[in-house]
Amino acid sequence: MVPTTERALLLRQLKNYLLFLKESGHTHIPLNHELSELPVMAVPTGYFQDRSAEPSESRMTQDSLFSEPQDHPEELLSLAAVREDLGDCQRCKLCENRQTIVFGSGNPHADLVFVGEGPGADEDAQGLPFVGRAGKKLTEIIEKGMLLDREKDTYICNIVKCRPPGNRDPERDEVAACKPFLIKQLKAIRPKVIVALGKPAASTLLGRNVAITKERGTWHEFEGMKLMLTYHPAYLLRAYTRENRQAVYEDMQKVLEVLNA
Ligand code: SF4
């Protein structure tokens, strides 16, 4: 009988491993391994919180994790390396109340990346970004408004990876602690277009106070990538007017023009 604490740890490791596979663009779990070679050992060292007990000789290299053919292995490794670097992050006080680090999800080679503000309760519980009400609205914008597939055509992340208590805005020190990982994430994916969802994301990426109502729909540049500013889907839900919906629709049409150019 496995002790409860050990079982909890194993379940947590399994959850983290599955999230890692998803973040890395895997769509299935290979089943042709012997039990002793199951890929829990194949995750880059540092990915799991509790790896100290793992014998170093049993760890596989990052190369072995990506032994299946990949279109852009260097980019895949790079995004995985950013996640590994983040580790069980405690660089700001948001680590105190989080359940999971919400790193990001979608296609690591996507041409389009959406950047939001931070995880909410649903995201914190599931470890995935934009899965609550605002997430459903974002999915609708992507799939019905842009006729794209959320999982295949986009990657979605936030400026902070841990849930701010009570869904408050992330504070300056929290954004400062987490921003380097967002930058590395975006550089690893290097999409054609980044869309900043709402004022905090736009202000963080542009490094200045953005008046989103005035500046939405305008193009900017971030590290050589095109950056579009638009409203956060949560704002759309709060102010569900024809004018606001039309504004986001127009912003996304501009994004599509660049993606299809
Ligand atoms: S919000 Fe970012 S910097 Fe702060 S603890 Fe979470 S992952 Fe680390």
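# A tour from the ligand shell to the sheet

The shell around the ligand consists of ten nonpolar residues, one polar residue and three charged residues. In this division Ala, Val, Leu, Ile, Met, Phe, Trp, Tyr, Cys and Pro count as nonpolar, Asp, Glu, Lys and Arg as charged, and the others, Gly among them, as polar. The structure on screen is a predicted model, in which local features need pLDDT of at least 70 and side-chain atom pairs count only at pLDDT 80 or more, while totals for chains, interfaces and linings use all residues. For selections, residues are numbered from 1 along each chain as its sequence is written.

**Stop 1: the ligand.** Select Cys89, Cys92, Cys95, Cys162 and Cys178, which come nearest among the 14 residues around the ligand. A residue is near a molecule or strand if its C-beta atom, placed from the backbone, lies within 6 Å of it. Next, select helix H7 (residues 172–189), which gives the most to this shell, with three residues.

**Stop 2: the whole chain.** Colour the protein chain by secondary structure to display eleven helices and six strands. Helices (H or I, at least four residues) and strands (E, at least two) are DSSP runs, numbered from the N terminus. Of the 261 residues in the protein chain, 38% count as buried. Buried denotes 20 or more other C-beta atoms within 10 Å of a residue's own, exposed 12 or fewer, and partly exposed a value in between, with C-beta atoms placed from the backbone. Among the contacts in the protein chain with a separation of 6 or more, 69% link residues 24 or more positions apart. Two residues are in contact if their C-beta atoms, placed from the backbone, lie within 7 Å.

**Stop 3: Leu79.** Move to helix H3 (residues 73–86), where Leu79 is found. Is Leu79 buried or exposed? Leu79 is buried, because 23 other C-beta atoms lie within 10 Å. Neighbours within four places in sequence aside, Leu79 is in contact with Pro108, Gln185, Ala188 and Ile189. A distance label between the C-alpha atoms of Leu79 and Lys184 will read 7.9 Å, although these residues are 105 residues apart along the chain.

**Stop 4: the sheet.** Now select the six strands, which form an open sheet of mixed pairing in the order S1-S3-S2-S4-S6-S5. The edge strands, strand S1 (105–106) and S5, each pair on one side only. Two strands pair if DSSP finds at least two bridges between them. Strands of a sheet pair through backbone hydrogen bonds, either parallel or antiparallel.

Begin at S1, which two bridges join to S3 in the antiparallel sense; Ser105 has Ile156 in S3 as its bridge partner. Strand S3 (residues 154–158) is mostly covered, with five of its five residues buried. Thr154, Ile156 and Asn158 point one way from S3, Tyr155 and Cys157 point the other way, and all are buried.

Continue to strand S2, which runs parallel to S3 and is joined to it by five bridges. Gly116 is the bridge partner of Asn158 in S3. S2 also pairs with S4 in the parallel sense, over four bridges, and here Phe114 stands opposite Val195 in S4.

**Stop 5: strand S4.** Why is S4 largely enclosed by the rest of the structure? The reason is that five of the five residues of S4 are buried. From S4, Val193, Val195 and Leu197 point one way and Ile194 and Ala196 the other way, and all are buried. Strand S4 (residues 193–197) runs parallel to S6, to which five bridges join it.

**Stop 6: the hairpin.** Strand S5 (residues 219–222) pairs with strand S6 (residues 225–230) in the antiparallel sense over four bridges. Glu221 has Lys226 in S6 as its bridge partner. Two residues lie between the strands of this hairpin, in which Glu223 takes a positive phi near 50°.

**Stop 7: the helix over the sheet.** Display helix H11 (residues 242–260), which lies across strand S2 (112–116), S4 and S6 and runs at about 165° to S6. Axes are lines fitted to C-alpha atoms, for helices over the stretch in contact, and angles run from 0 to 180 degrees between N-to-C directions.

**Stop 8: the nonpolar core.** Finally, select Val113, Val115, Ile194, Val195 and Ala196, which touch the most other members of the largest nonpolar core, a set of 52 residues. H7 gives the most to this core, with seven residues. A nonpolar core is a set of buried Ala, Val, Leu, Ile, Met, Phe, Trp, Tyr and Cys residues joined through C-beta atoms within 7 Å. With residues up to four places away in sequence not counted, Ala196 touches Val115, Ala201, Ala202, Leu205, Leu227 and Leu229.
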